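Work through these exercises with the sequence and the model at hand. Each task is followed by its solution.

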Amino acid sequence: MTATALAVRPGGFRPLAGTGTLLRFALRRDRVLIPVWVAVNTLLVLSMPGTLESLYGTAAERADLIRQMETNSSLRAMVGPLFGDSLGALTAWRVGVYAAVLAAVMSLLIVVRHTRDEEESGRQELVQSGMVGRRAPLTAALLTAAAADAVLAVLLAAGLAARGATGAVAFGAGVAGTGLVFATMAAIAAQLTESARLARGLTAGALGAAFVLRAAGDSATTDGSSPLTWVSPLGWQENLRPFAGERWWVLLLIAGAALAQGAVAYGLTGRRDVGMSFLPTRPGPAHGRLGTAGALARRLQRGSVLGWSAGFFVAGLVYGAMTEGAADLVGDNEGAREIIARLGGQAGVTDAFVAAMIGTLGLIAALYVTGSVLRLNGEETSGRAEPVLAGAVGRLRWAAGHLVVAFGGSVLILLLGGCGYALGYGRDPGPILGACLAQVPAVWVIGGAAVLLHGLLPRAAVAAWGVAGAVLLLGWIGPALDVPEAVLDLSPYGHLPKLPGAAMDWPPVLLLTALAALLTAVGLAGLRRRDLTT
Amino acid sequence: MTKAISVSGLHKSFGRTHALDGLDLEVEAGEVHGFLGPNGAGKSTAIRVLLGLLRADSGAAQVLGHDPWTHAVEVHRRIAYVPGDVTLWRNLSGGEVIDLYGRLRGGLDTRRRAELIERFELDPTKKGRTYSKGNRQKVALVAAFAADVDLLILDEPTSGLDPLMEEVFQRCVAEERDRGRTVLLSSHILSEVEELCDRVSIIRNGRTVESGSLAELRHLTRTSVTAELAGPPDGLAGLPGVHDLDVRGNRVRLQVDTGHLDAVLRSLGASGVRSLTSTPPTLEELFLRHYQETR
């Protein structure tokens with residue numbers, strides 16, 4: 001009798017046991033992350049109608065815009081085709097893709113954070129030894145992402161309802177649906193790889209590829225009907241056509257893709273061991289050649305630099321290939337010129353387009369430099385820096401190893417982006433590479449800010465992502481939003497000369513370089529004086 | 001230089017927590033020094049100060065004759081450190097990490113490296129993520145024992161090792177001592193400390209409460225004595241240092257402060273001893289006495 005008292009009552013595998021608890025736990029852990037992402041996305045979209053109304057107030061202006069979008073493949077590649085002249089349709093055109101990208105990034109971060117991140121750190125082992133089913137962690141992660149996307153959809157629909165209720169619902173559903181597609185894609189990546197960093201990288205790479213496919217498809221056709229657009233999840237959002245005769249069945253496509261990917265992820269997660277992956281790690285060398293902190297830093301960041309280099313080269317290639325279209329602009333159409341000027345350019349339309357595109361690369365490089373500098377923080381908080389610094393390695397030399405990769409790497413990826421651009425454009429690479437190099441001081445200022453945060457406030461160093469994100473938003477959306485000049489000037493990118501086309505302007509470039517050096521120096525001085533965080 | 005580590009009046013606070021509250025520590029060159037204390041006593045904080053990773057608020061610390069904060073790099077060239085919880089880079093193999101740590105210190109003895117890998121039964125080709133806790137610990141231990149250094153600082157280095165590996169570890173430490181190296185060993189495994197350490201320091205609440213050789217420490221504690229006498233004992237209760245005296249006919253059980261053992265034996269002898277057991281305090285009792293006083 002005593003033996004049977006110990007036996008567990010059979011109740012099946014219960015693969016979802018504990019999902020509710022995990023979901024509440026995940027929502028609590030993300031109580032800052034999710035509201036910030038949702039708020040930024042919502043504010044971005046809801047600020048649009050007013051701005052667009054002031055830019056395109058009259059019917060004539062809107063007709064002009066529609067004509068431009070039909071004739072200008074480069075503009076279509078950037079923001080997608082325009083399907084109507086209502087304020088709602090204009091809003092969906094101008095920010096639809098970007099809102100979908102933001103939702104996708106939010107969703108993929110949430111899913112990886114609660115799946116592979118947990119497994120990689122070993123925390124999941126303890127969790128799953130409790131009354132937690134095999135598929136509960138993945139379910140909770142997907143539900144967390146779904147909850148965030150649902151809140152976003154409701155806010156967007158409510159905020160845009162005044163522009164037309166059906167269109168607002170379609171817009172919100174499309175953005176949230178795109179988020180779910182990338183949430184489930186991240187769920188698959190989290191099963192395939194052993195490292196959360198790689199899972200995020202793979203999904204973000206797929207997102208980048210989706211953007212490129214959509215851009216290529218949209219530059220080829222005026223109505224989003226290209227197969228390239230249809231292959232891209234980001235193309236579905238525009239083909240849903242919110243505020244312009246909604247095609248509701250596209251939502252079925254989005255839901256189908258999300259469900260299919262989710263099913264694959266579920267199948268995979270049930271078939272593998274906790275902590276393991278389908279892409280196993282191979283054995284490494286028994287002897288190592290690494291001998292300095294600098295070599296270690298280069299080795300640790302090698303993969304990420306390679307990934308960013310490839311991404312920048314391809315992006316440059318695509319942008320370069322689009323540039324010819326910008327020159328085909330209907331004569332010297334004032335409206336189109338104004339649009340491009342607002343996207344960051346000046347003067348000669350082609351040059352302005354090139355400047356805008358390279359400016360975009362420069363903005364994205366802020367993400368690279370932030371991530372690369374914050375490796376210092378990751379090494380320190382994980383405890384891996386401690387034995388290195390207990391060796392004969394000064395803190396400055398340890399930091400310098402990573403900073404060389406961060407600051408040197410930003411030059412490298414920008415130059416590779418420029419090479420790709422020159423190749424795709426088929427023109428003299430000199431001015432293009434020059435324009436790329438002119439972005440460097442602003443990128444370095446962002447990197448310097450990250451060094452400063454790590455040196456002085458190591459526990460708040462992740463705020464560097466906030467800095468990079470704010471600069472990105474200001475650069476991308478700011479000009480279209482009539483943001484006051486004083487606010488735009490906060491971004492270092494606002495002070496860069498718009499090369500090629502504009503004249504080289506040395507004082508701001510030199511001042512920004514000096515500012516970057518100052519921020520870095522103060523950060524390093526702080527790092528040298530403070531306690532190591534553990 | 002006879003002192004490998006010399007620390008006096010070390011203070012370190014994190015916010016309102018006083019992790020170190022006037023710590024003293026003397027480690028002679030060439031000795032294996034046990035560093036003991038309950039969880040949260042400040043052992044790891046003290047070690048991080050000795051490594052120059054944390055900056056002491058006040059007090060003086062000298063490691064190998066230098067201030068560990070201002071001369072961190074020179075000092076570290078001659079130190080090997082093993083933390084209690086080793087974290088490795090997921091995509092570097094154990095062998096790569098061992099060689100890296102070696103080069104970041106004073107260099108690596110490749111013959112000894114190969115020998116240690118064999119003795120610890122470590123597979124150096126596995127990547128960081130795939131090692132178990134014990135094997136991660138072995139990576140750091142091989143790197144430390146193969147390093148060409150004067151001082152080893154080991155912070156609970158055997159957590160996660162199986163008993164066989166624990167034995168290998170103890171032999172390695174003994175070899176280090178025989179080669180004239182100094183070892184500071186923070187540990188909770190008392191048999192390990194008893195086996196290896198020449199001297200120990202016990203800290204509590206960030207302060208040193210006891211320091212000396214094990215024999216000296218034993219001297220400060222009580223020995224239990226059980227005796228069967230020829231006749232009833234006489235005058236035992238009046239002797240200094242006697243506790244828990246229990247007399248039943250001719251049988252006597254008592255505890256005596258080890259310093260007063262001599263007088264007790266004399267008194268017992270006067271009554272005629274038929275049998276006698278005297279048990280010196282175990283290390284466990286020693287530590288329990290110190291640890292429990294924290295509560």
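Two strands pair if DSSP finds at least two bridges between them; strands are DSSP runs (E, at least two residues) and helices likewise (H or I, at least four), numbered from the N terminus. This is a predicted model, where local features need pLDDT of at least 70 and side-chain atom pairs count only at pLDDT 80 or more. Residues are numbered from 1 along each chain as its sequence is written, and chains are lettered from A in the order in which they are written.

**Exercise 1.** State the strand order of the open sheet in chain B.

Solution. Step one: the three strands run β2-β1-β4, with antiparallel pairing. Step two: β2 (17–28) and β4 (58–63) of chain B are the edges, each pairing on one side only. Step three: five bridges join β1 (residues 3–14) of chain B to β4(B). In β4(B), Gln62(B) stands opposite Ser6(B).

**Exercise 2.** Classify Cys419(A), Cys197(B) and Leu457(A) as buried, partly exposed or exposed.

Solution. Step one: buried means under 20% relative accessible area, exposed over 50%, partly exposed in between (1.4 Å probe, protein chains only). Step two: Cys197(B), at 8%, is buried. Step three: Cys419(A), at 35%, is partly exposed. Step four: Leu457(A), at 48%, is partly exposed. Leu457(A) sits in the loop between α21 (429–456) and α22 (463–476) of chain A.

Key
Side-chain values use heavy atoms; hydrogens and water are left out.
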